[in-house]
Amino acid sequence: MLHRGRESTDGDGEPAVPMAWFYAEYIADELLRTGDLMPPTSVEFRAGRDALALTVFLSDTDGELSGIRVITQLETWLSLTAYDQPWQEWVQQRLDDLAADAAASGRGAPGPDLELAAEAWRWLRETELLAPDLNAVPGGGAAGEDEGPKVWTPAWQLGLPLGHLAIHLF
């Protein structure tokens, strides 16, 4: 994704590279590919990857997610993505906190990592996917997956359980 807007640098004149976000996306992508739940080219895969990447990125409170710590973070990510957790409120609160921290530190605008995370969250909230209606009242016989009732669902509501299952399968 191209960085739009003002030129962002890391202090020495070079453009800042959003490595923390790219690393979170990489981890999420690997977890989903390992789980083999959806074709990597599907919109559902993107929803799962973005939901997982947000979870990985926003749960890294030290800003030092290293390869060795990935395994130790799996339980944290499982608990954050669990069905009974207010994940969407947690995401919004963490994004707001990080933006406030950036403003308080004198940096002004958030860095490219936070911008990409906010863009992923915007896409997950605003994009709706046609999904099976899991709340439908069972009725006339055994319908196939493609034949049952469907509803438009925000992408995060489909991506989050995919991400959770991918972590479980890892």
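Biologist: Why does F22 count as partly exposed?

Modeller: The model is a predicted one. The relative accessibility of F22 is 38%. Buried means under 20% and exposed means over 50%, with partly exposed in between, so F22 at 38% counts as partly exposed. F22 is found in helix α1, which covers residues 19-35.

Biologist: What makes V17, M19 and F22 a nonpolar patch?

Modeller: Nonpolar side chains are joined within 5 Å, provided that the residues have over 30% relative accessible area and no salt bridge. V17, M19 and F22 form such a patch on the surface, and together they have about 290 Å² of accessible area.

Biologist: Why is D36 called exposed?

Modeller: D36 has a relative accessibility of 64%. The cut-off for exposed is over 50%, and therefore D36 counts as exposed. D36 is found in the loop between α1 and α2 (43-59).

Biologist: Why is α4 described as roughly antiparallel to α5?

Modeller: The axes of helix α4 (residues 87-104) and helix α5 (residues 112-126) cross at roughly 150° and come within 11 Å. Angles over 145 degrees count as roughly antiparallel, so α4 is roughly antiparallel to α5. The crossing of α4 and α5 is left-handed.

Biologist: Which elements make up the protein, and in what order do they run?

Modeller: The protein has six helices and two strands. From the N terminus on, the order is α-α-α-α-α-β-β-α.

Technical notes
Residues numbered from 1 in each chain as written. Predicted model: local features only at pLDDT ≥ 70, side-chain atom pairs only at ≥ 80, totals over all residues. Heavy atoms only, no water. Patch = residues over 30% accessible without salt bridge, like charges linked within 9 Å, V, L, I, M, F, W, Y side chains within 5 Å. Areas by Shrake-Rupley, 256 points an atom, 1.4 Å probe, with all protein chains shown as cover. Salt bridge = Lys/Arg side-chain N within 4 Å of Asp/Glu carboxyl O. Helix = DSSP H or I, 4+ residues; strand = E, 2+ residues; numbered from the N terminus. Buried < 20%, exposed > 50% of the residue type's maximum accessible area, 1.4 Å probe, protein only. Axes fitted to C-alpha atoms, helices over the stretch in contact; angles between N-to-C directions. Parallel < 35°, antiparallel > 145°, perpendicular 65-115°, else oblique. Left-handed = near helix turned anticlockwise from the far one by under 90°.
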